[in-house]
Amino acid sequence: MWTRLLTPRWVLLHLLVVALFVATFFLGYWQLTKAENGGGAVNWSYALQWPLYGFMGLWFYVRMVRVELNRDPDEEEPSSAVVLYQRPRVDTSGDPELAAYNAYLAELNEKALGQRGPGGR
């Protein structure tokens, strides 16, 4: 179960999240030093916001990991479900030019469906 989180893609994502989480605290400290040196209210607010952004990103990442762990591993395999296709209805009421254009589009659609092979392509 946990081995899914040790693929190269996930390991890189883990490292990126750790680096960004640490970076938000360095940015918060930088804003705090600017605020203490007379930077004003904007710097004080950013000094509080940067760590908040870090925790918010970490919270989203933990949720993403939980979804991955609860996901069915066979979910990505193609299913054998039948996909029903409903042919578009051609509107013939109202504008005759629009009705002719819709009929033309329906004809193109029929040709495209006729060129498809048995496998759907």
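Q: How far apart do the end C-alpha atoms of residues 44-62 lie, and what share of the span is helix or strand?

A: First, a caution: this is a predicted model. The end C-alpha atoms of residues 44-62 lie 28 Å apart. The span is 100% helix and 0% strand.

Q: Which feature does UniProt place there, and at which residues?

A: The unreviewed UniProt entry places "transmembrane region" at residues 12-32 and 44-62. Take residues 12-32 next. That stretch is 100% helix and 0% strand. Its end C-alpha atoms are 30 Å apart.

Q: How many helices and strands does the chain have?

A: The chain has three helices and zero strands. Read from the N terminus, the elements run α-α-α.

Q: How do I read the packing of helix α1 and helix α2: at what angle, and how far apart are their axes?

A: The general idea comes first. Two packed helices are described by the angle between their axes and the distance between the axes. Now the case here. Helix α1 covers residues 8-39, and helix α2 covers residues 41-70. They pack at an angle of about 165°, with axes 6 Å apart. An angle over 145 degrees counts as roughly antiparallel. Therefore α1 and α2 are roughly antiparallel to each other.

Q: Is the crossing of α1 and α2 left-handed or right-handed?

A: The crossing of α1 and α2 is left-handed. By class, the contact of α1 with α2 has 19 nonpolar residues, seven polar and three charged.

Q: Which residues are buried in α1?

A: An α-helix has 3.6 residues a turn, so residues three or four places apart point the same way. In α1, the buried residues are Trp10, Val17, Thr24, Gly28, Gln31 and Ala35. What covers the buried residues of α1 includes α2. Over the whole chain of 121 residues, 15% count as buried.

Q: Why does threonine 24 count as buried?

A: Buried means under 20% relative accessible area. Threonine 24 has a relative accessible area of 10%, so this residue is buried. Threonine 24 is found in helix α1. Leaving aside neighbours within four places in sequence, threonine 24 is in contact with Trp50, Pro51 and Gly54.

Q: Is threonine 3 buried or exposed?

A: Exposed means over 50% relative accessible area. Threonine 3 is exposed, with a relative accessible area of 58%. Threonine 3 is found in the segment before α1.

Q: What separates the C-alpha atoms of threonine 3 and leucine 69?

A: Those C-alpha atoms are separated by 9.6 Å. Along the chain, threonine 3 and leucine 69 are 66 residues apart.

Q: What share of the contacts comes from residues 24 or more positions apart?

A: Take the contacts in the chain with a separation of 6 or more. Residues 24 or more positions apart account for 53% of them.

Key: Residues are numbered from 1 along each chain as its sequence is written. This is a predicted model: local features need pLDDT of at least 70, side-chain atom pairs count only at pLDDT 80 or more; totals for chains, interfaces and linings use all residues. Side-chain values use heavy atoms; hydrogens and water are left out. UniProt positions are given in the numbering used here, feature names are shortened, and annotations may be inferred rather than shown by experiment. Helices (H or I, at least four residues) and strands (E, at least two) are DSSP runs, numbered from the N terminus. Axes are lines fitted to C-alpha atoms, for helices over the stretch in contact, and angles run from 0 to 180 degrees between N-to-C directions. Angles under 35 degrees count as roughly parallel, over 145 as roughly antiparallel, 65 to 115 as roughly perpendicular and the rest as oblique. A crossing is left-handed if the near helix is turned anticlockwise from the far one by less than a right angle, and right-handed if clockwise. Ala, Val, Leu, Ile, Met, Phe, Trp, Tyr, Cys and Pro count as nonpolar, Asp, Glu, Lys and Arg as charged, and the others, Gly among them, as polar. Buried means under 20% relative accessible area, exposed over 50%, partly exposed in between (1.4 Å probe, protein chains only). Contact means heavy atoms within 4.5 Å.
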